[in-house]
Amino acid sequence: MIIKLGFIGAGTAGTALAVQLSQRGYPVVAVASRTFASAQGLAGKVPECQACEMPQQVADAAELVFITTPDDAIASVVAKLRWSAGKTVVHCSGAASLDVLETARQAGAQVGGFHPLQTFASAQQAIQNLPGSAFGIEAEGELLDRLAKMAQAMEGDWVQLQGEDKVLYHAAAVFACNYWITLIRVASELWEHFGADSSKAIKALMPLLRGTLLNVESVGLPNCLTGPIARGDLGTIEKHMAALEKEAPEFLALYRELGLHTIPVALGKGRVDDAGAEAMKKKLTTGA
Ligand SMILES: NC(=O)c1ccc[n+]([C@@H]2O[C@H](COP(=O)([O-])OP(=O)(O)OC[C@H]3O[C@@H](n4cnc5c(N)ncnc54)[C@H](OP(=O)(O)O)[C@@H]3O)[C@@H](O)[C@H]2O)c1
């Protein structure tokens, strides 16, 4: 049975989910946001969707309401609304558990979490990125089935999460997505030391980044690892550390730390033996 959906929070995640679910046959009937202009913006992208002035209108019109506000606003937005049995409330946060929907649950509503494991930097790009993404679902029984079907309708895989696992699950996403960006920034800043600006560096690094991702996808861990640690090239590691100490000492501790976490991958690949791993560990830890 396909049910009527509503959205409270008309930002990037809300827009992407509303547009993609609507295109896959889920009726998105109502949307509200902090500002009416944002609600109108989302409603303009989804056929038959009404922009509402008040979030309560969405809770009344839809059977399943997605709360797509910033994480910190979810609990207070939900607590201000009237819920009843027969309604379902779902948030899209990766880190929050179902506790933030407790007031709706106490009023008889079913509650769940539906987190797209994807990065949305703008509404347009979010609409494009969403299909094929994996989803972290916190729900049981009939609601789990319903949300899993939505993930599948968007060509995505899904994983069931327990509330206590969510924070670690989200920390993993921060490593894979946000901190990867931090590493790209570090790389591009190092390019500035030899006179190339950041945009030139990013352009040059893009094929390397794409190649790395393709290797992860096709060859997998640990065999996708290349570079001095994968080869046990102690001399190159030593030169990197000396250059960083001289030119960009602010990144030396990060280089050491990441190197230490890369050694087990190199050992797994098998091109480095225990003695080689120990030597690299000593070099990265003590510099000797
Ligand atoms: N961005 C991502 O990459 C991503 C990925 C996965 C999951 N998520 C999750 O998706 C949810 C939304 O994130 P987002 O990135 O889409 O945030 P966002 O782009 O900042 O959008 C949040 C929207 O919520 C609205 N809003 C803020 N406070 C509100 C309130 N008190 N009542 C009603 N609406 C309110 C804002 O309204 P106005 O525009 O009207 O001011 C804004 O449109 C979060 O739970 C986040 O964890 C995000």
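Colleague: Which helix is lysine 282 found in?
Modeller: First off, this is a predicted model: local features need pLDDT of at least 70, side-chain atom pairs count only at pLDDT 80 or more, and totals for chains, interfaces and linings use all residues. Residues are numbered from 1 along each chain as its sequence is written, and side-chain values use heavy atoms, with hydrogens and water left out. Helices (H or I, at least four residues) and strands (E, at least two) are DSSP runs, numbered from the N terminus. On that numbering, lysine 282 sits in helix 13.

Colleague: Which residues does lysine 282 touch, not counting those up to four places away in sequence?
Modeller: Contact here means heavy atoms within 4.5 Å. With residues up to four places away in sequence not counted, lysine 282 touches Gly287 and Ala288.

Colleague: How are helix 12 and helix 13 oriented, roughly parallel or roughly antiparallel?
Modeller: Axes are lines fitted to C-alpha atoms, for helices over the stretch in contact, and angles run from 0 to 180 degrees between N-to-C directions. The axes of helix 12 (residues 252-269) and helix 13 come within 9 Å and cross at roughly 175°. Angles under 35 degrees count as roughly parallel, over 145 as roughly antiparallel, 65 to 115 as roughly perpendicular and the rest as oblique. So helix 12 and helix 13 are roughly antiparallel.

Colleague: And how is helix 11 oriented relative to helix 13?
Modeller: Helix 11 (residues 234-247) packs on helix 13 (residues 274-286) at an angle of about 10°, with the axes 10 Å apart. That makes helix 11, relative to helix 13, roughly parallel.

Colleague: What is the class make-up of the contact of helix 11 with helix 13?
Modeller: Ala, Val, Leu, Ile, Met, Phe, Trp, Tyr, Cys and Pro count as nonpolar, Asp, Glu, Lys and Arg as charged, and the others, Gly among them, as polar. Helix 11 brings Leu234, Ile237, Glu238 and Met241, and helix 13 brings Ala279, Met280, Lys283 and Leu284. By class that gives six nonpolar, no polar and two charged.

Colleague: On to the ligand: how much of its exposed area does the protein bury?
Modeller: A polar contact is a pair of N or O atoms within 3.5 Å. An oxygen atom of the ligand is 2.9 Å from an N or O atom in the side chain of serine 33, and one is also 2.9 Å from an N or O atom in the side chain of arginine 34. Areas come from the Shrake-Rupley method with a 1.4 Å probe. Taken alone the ligand exposes 900 Å², and the share buried by the protein is 77%.

Colleague: Which residues around the ligand come nearest?
Modeller: A residue counts as near a molecule if one of its heavy atoms lies within 4 Å of it. By class, the shell has seven nonpolar, twelve polar and two charged residues. Of the 21 residues around the ligand, the nearest are Ala13, Thr35, Ser38, Asp71 and Phe120.

Colleague: Which residue is joined to leucine 221 by a cis peptide bond?
Modeller: Omega of this bond is about 0°.

Definitions and conventions: A polar contact is a pair of N or O atoms within 3.5 Å; within protein, one must be able to donate a hydrogen and the other to accept it, and residues adjacent in sequence count only if both atoms are side-chain atoms.
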